[in-house]
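Look at the sequence and the structure together. The paragraphs below start from a pair of charged side chains and move on to the sheets and the surface.

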Amino acid sequence: MTISNNVTIGNFNTIGEYTEIKDSCQIFHNSSIGAIPQDKKFGGEKSKLTIGKRTIIREFVTLNRGTNATGETSIGKDVLIMTGVHVAHDCIIGDNVILVNLVA
């Protein structure tokens, strides 16, 4: 796990191994960041989650690592991920994206 400068992390979050959080991100409360994928084909392979600079992650968000398919889940920079969002394994979210409440 790598957490860069000026990252704030609220209460009751889980941040899994192979997660990289870049500068000035804000993670609010009760989220699961970088846990293993919700995929029955996942066999424990080393995969990762990367979160770009200045991304804001609100409450009750799940962001899963990649699988053998790509090896990585990637969140761009300056992204706003609102409450209750799920970003599945191997997804690529670009820069300046807003994911509204409860999307998956």
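Aspartate 78 and arginine 54 form a salt bridge, with 2.7 Å between their closest N and O atoms. Aspartate 78 sits in the loop between S10 and S11 and arginine 54 in the loop between S7 and S8, so the pair ties together parts that are 24 residues apart in sequence. A salt bridge here is a side-chain nitrogen of Lys or Arg within 4 Å of a carboxyl oxygen of Asp or Glu. Strands are DSSP runs (E, at least two residues), numbered from the N terminus.

This is a predicted model, in which local features need pLDDT of at least 70 and side-chain atom pairs count only at pLDDT 80 or more, while totals for chains, interfaces and linings use all residues. Residues are numbered from 1 along each chain as its sequence is written, and side-chain values use heavy atoms, with hydrogens and water left out.

How many salt bridges does the structure hold? There are three. Another one joins glutamate 59 to arginine 58, with the closest N and O atoms 2.8 Å apart. Glutamate 59 is buried, at 16% relative accessible area, whereas arginine 58 is partly exposed at 29%. Buried means under 20% relative accessible area, exposed over 50%, and partly exposed in between (1.4 Å probe, protein chains only). Lysine 41 and aspartate 39 also meet in a salt bridge (3.4 Å, N to O). Of these two, lysine 41 is exposed at 71% relative accessibility and aspartate 39 is buried at 16%.

Now turn to the strands. An open sheet of five strands runs in the order S2-S5-S8-S11-S14, with parallel pairing. Strand S2 (8-9) and strand S14 (98-99) are at the edges with a single partner strand each, so one side of each has no neighbour in the sheet. Within this sheet, S8 (residues 56-57) and S11 (residues 80-81) pair over two bridges; strands count as paired if DSSP finds at least two bridges between them. Isoleucine 57 has isoleucine 81 in S11 as its bridge partner.

A further open sheet has four strands, in the order S3-S6-S9-S12, again with parallel pairing. In it, S6 (residues 32-35) and S9 (residues 62-64) are joined by three bridges, and alanine 35 has asparagine 64 as its bridge partner in S9.

Strand S7 (residues 48-51) runs parallel to S4 (residues 19-21), joined by three bridges. S7 also pairs with S10 (residues 72-75) in the parallel sense, over four bridges. Leucine 49 is the bridge partner of threonine 19 and stands opposite threonine 73 in S10.
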